[in-house]
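Here are a few exercises to work through with the model open. Try each one yourself before reading its solution.

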Amino acid sequence: MSNQGGWHMGKNLEAELAKIGRLDIQELRQAWNEQLDESPPPCRSLDVLRRLLACKIQEQVLGGLTPDTRNRLQKLARTFEQNPDHALTSRLDLKPGTVLTRKWQGKSYRIKVLEDGFEHEGKRFASLSKIARSITGTRWSGPLFFGLRK
């Protein structure tokens, strides 16, 4: 499993991950020491140690989390520590200036994303759901109506 100072195997990533699945706990700890130049965590579970090592390898080869993602996860963890019943909501991450289009009953609709909402037919809306309702006359999930969610 050695490749001198970390994994840079590209196409062989899957093969290396498969090898991890065949190592016993002592071999896993040795591979961890050799490849990561650090001691493995004091874990007694073969399965957990395999998963941790596989994760570390993939981070080295494919890159880890972006700082933004890391910050979001830390914020989410703090939120759940304070309120375990917190309900998750997904973010749309639409940039201002983006134009969403939707064809409904033969008519095309163009929605412009603003800094603080959306614009439809010259009017400002706080949510896509309100726009979807104005178009259809019924309650819709705006992100669903505009194809942003399944």
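**Exercise 1: a charged pair**

Asp-116 and Arg-124 form a salt bridge, with their closest N and O atoms 2.6 Å apart. Keep in mind that this is a predicted model.

Task: Work out whether Asp-116 is buried or exposed, and do likewise for Arg-124.

Solution:
- Start with the cut-off: exposed means a relative accessible area over 50%.
- Asp-116 comes out at 58%, so Asp-116 counts as exposed.
- Arg-124 has 56%, so Arg-124 is exposed too.

In general, side chains of opposite charge can pair when their charged atoms come close.

**Exercise 2: a pair within a helix**

Task: Find the salt bridge between Lys-19 and Glu-16, and say why about one helical turn separates these residues.

Solution:
- Check the distance: the side chains of Lys-19 and Glu-16 meet at 3.1 Å, N to O.
- Look at where they sit: both belong to helix 1 (residues 13–20), and because they are 3 residues apart there, about one helical turn lies between them.
- Now the accessibility: Lys-19 has 32%, so Lys-19 counts as partly exposed.
- Glu-16, at 10%, is buried.

**Exercise 3: a pair across the chain**

Task: Which parts of the chain does the salt bridge between Glu-121 and Lys-107 link?

Solution:
- Begin with the bridge: the closest N and O atoms of Glu-121 and Lys-107 are 3.5 Å apart.
- Then place the residues: Glu-121 is in the loop between strand 3 and strand 4 (123–125), while Lys-107 is in strand 2 (residues 107–114), so the pair links distant parts of the chain, 14 residues apart.
- Finish with accessibility: Glu-121 is exposed at 56%, whereas Lys-107 is partly exposed at 41%.

For the tally, a search of the whole structure gives 5 salt bridges.

**Exercise 4: a histidine and its surroundings**

Task: Say which strand holds His-120, and which residues outside its sequence neighbourhood are in contact with His-120.

Solution:
- His-120 lies in strand 3 (residues 117–120).
- With a relative accessible area of 4%, His-120 is buried.
- Setting aside neighbours within four places in sequence, the contacts of His-120 are Tyr-109, Arg-110, Ile-111, Phe-125, Ile-131, Ser-134 and Ile-135.

**Exercise 5: cysteines**

Task: How many disulfides does the structure hold? Is Cys-43 buried or exposed?

Solution:
- The count of disulfides is 0.
- Cys-43 has a relative accessible area of 12%, so Cys-43 is buried.
- Cys-55, at 40% relative accessibility, counts as partly exposed.

How values were computed: Residues are numbered from 1 along each chain as its sequence is written. This is a predicted model: local features need pLDDT of at least 70, side-chain atom pairs count only at pLDDT 80 or more; totals for chains, interfaces and linings use all residues. Side-chain values use heavy atoms; hydrogens and water are left out. Helices (H or I, at least four residues) and strands (E, at least two) are DSSP runs, numbered from the N terminus. Buried means under 20% relative accessible area, exposed over 50%, partly exposed in between (1.4 Å probe, protein chains only). Contact means heavy atoms within 4.5 Å. A disulfide is a pair of cysteine sulfur atoms within 2.5 Å. A salt bridge is a side-chain nitrogen of Lys or Arg within 4 Å of a carboxyl oxygen of Asp or Glu.
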